[in-house]
Amino acid sequence: METEEKHNPNSLERLRPRDTPKSWSELPLDLLISVFKRLSFVNFQRAKSVCPSWHSASRQCVPRNQIHWLILFPEDNNNNNDNNPCTLFNPEEKDKLYRTKDLCLEFAKSFCIETYRSWLLMSNRMHNLYIVNLFTHERIDLPPVEAQHGVTKIERTLDDDVFRITSHNGKEYKGIRRRSPVLWIDEETREYVVLWELRGLCVVYSRKGDTSWNQIPDTSSCCDMVYKDSKLYFLSLFGQFRIFEFSSREFPQETFQCGVAVERFRLGIQLRQRSNSWSIVATKLVVTATGEVLKVEKLWKSRSETWSFRVFKFYSSGFLKKHNRIYSLGDESMLLDQGITVLANDTDGFIKNSVYFSDTHGKDVHGIFLFNLETQKTELLHKYDCSSVQFSRARWFLPSFRQA
């Protein structure tokens, strides 16, 4: 029997490769990396602490994270202490909170006006803008808001936090208003673009290396903006749609312009559908994974407290399409707050043919919602009971985790 078993070609010893690892710590590096790339943030952190070899493998990839996190900004207690940490809530760990180190980042004395992955666009009480990474604490200070290159002039008064704005036709305004802020940053090169609309007069931008804000002419009355793939997509309240190319260091070039119907939702216009009353609360631009541009109307029915969306496709590959309403995103998911769509599959965690959106107002944190275009149903994905935490403001964001 023994002799037969030794020479049996089907025996387990013969089938087992000689380099088969004898312990979990000896798994091949490419296999470990393949596993780590599929893990959520929580499981990623747990797995990398198993042993030194797993920790080493984890440094060559980043965790998969397609879940929105909530950041709770600290209250300003007027004790001149800038080291007030933020509180982070990860819906994967419902009973656990993370606290960040402030390290003089002025979280308690600043306001977050936009996010991009793990980066926050912040404004302090003097209206100075800066970008900060929540996890690496890297900070990038932006030019003073009064440093403007263009026909609209801004002067900081003696009050220091009050501005006098003079438009191109000589009309004066008091106070600064930033609308439709946009933030984009390259994780590797730290190249960035920050844009916002200056009091309804024009869109201004600043890139890495700029010492002032550059004004883009004829961009007043902004309804929404999206920046993607070195292009700025701009829609005005009066239906003017324009595309600007930012690929070079020269002044952005307009490459496309057309008219798009925009419902004046700010005037309280309502749509009638089978005796139900819908109000348009926002009109947004969304750029798809293939470069098509969608106009998305966000609808609200106050009586039943119901959300709905109407989606129109009107631009594709440089050609103006007829404004066709679409009822399916196919295999894509829409991230409305980010103004983009992403390919959805089982490993990424996004549900296809759905709209992800937030509804957050100061302390009143409603949560992250998912609207299914096929079923026309809204589902509350994430919500946090913040009654046990003192904070002044809250914001949902979609973090990224880059290894140092």
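Analyst: Two strands pair if DSSP finds at least two bridges between them. Strands themselves are DSSP runs (E, at least two residues), just as helices are (H or I, at least four), and they are numbered from the N terminus. This is a predicted model, in which local features need pLDDT of at least 70 and side-chain atom pairs count only at pLDDT 80 or more, while totals for chains, interfaces and linings use all residues. Residues are numbered from 1 along each chain as its sequence is written, and side-chain values use heavy atoms, with hydrogens and water left out.

User: Over how many bridges do β9 and β10 pair?

Analyst: Strands of a sheet pair through backbone hydrogen bonds, either parallel or antiparallel. Here, Arg-156 stands opposite Phe-163 in β10. β9 and β10 (residues 163-166) pair in the antiparallel sense, and the number of bridges is four.

User: Which strands are the edge strands of that sheet?

Analyst: Let's walk across the sheet. Its three strands form an open sheet in the order β9-β10-β11, with antiparallel pairing. An edge strand pairs on one side only, and that describes β9 (153-156) and β11 (172-174).

User: In the open sheet of four strands, what is the order?

Analyst: The edge strands here are β3 (97-99) and β30 (393-397). From one strand to the next, the twist averages 25°. The pairing is antiparallel, and the order is β3-β2-β1-β30.

User: Which residue in β30 is the bridge partner of Leu-70?

Analyst: Strand β1 (residues 69-73) and β30 pair in the antiparallel sense over five bridges. In one of these pairings across to β30, the partner of Leu-70 is Trp-396.

User: Is Leu-398 buried or exposed?

Analyst: Leu-398 is found in the segment after β30. Buried means under 20% relative accessible area, exposed over 50%, and partly exposed in between (1.4 Å probe, protein chains only). Because its relative accessibility is 13%, Leu-398 counts as buried.

User: How many disulfides does the count come to?

Analyst: A disulfide is a covalent bond between the sulfur atoms of two cysteines, and the rule used here asks for a pair of cysteine sulfur atoms within 2.5 Å. The sulfur of Cys-86, a buried residue at 0%, is 9.1 Å from the closest cysteine sulfur, in Cys-112, so it is too far for a bond. The sulfur of Cys-223, buried at 10%, is 6.9 Å from its closest one, in Cys-222, again too far. By this rule the count is zero.

User: Which backbone nitrogen lies 2.8 Å from a polar atom of the side chain of Asp-224?

Analyst: Asp-224 sits in strand β16 (residues 222-228), and at 8% relative accessibility it counts as buried. Beyond its neighbours within four places in sequence, Asp-224 is in contact (heavy atoms within 4.5 Å) with residues including Ser-180, Tyr-233 and Thr-283. The nitrogen at 2.8 Å belongs to Leu-285.

User: In β15, which residue is the bridge partner of His-149?

Analyst: Strand β15 (residues 213-216) is covered on both faces, with Trp-213 and Gln-215 buried on one side and Asn-214 and Ile-216 buried on the other. β15 runs parallel to β8 (residues 148-149), joined by two bridges, while its pairing with β14 is antiparallel over three bridges. The β15 partner of Tyr-205 is Asn-214. For His-149, too, the partner is Asn-214.

User: In the hairpin of β14 and β15, which residue takes a positive phi?

Analyst: This hairpin has five residues between the strands. The residue there with a positive phi, near 95°, is Gly-209.

Terms used. Polar contact = N/O pair within 3.5 Å; in protein donor to acceptor, adjacent residues only side chain to side chain. Axes fitted to C-alpha atoms, helices over the stretch in contact; angles between N-to-C directions.
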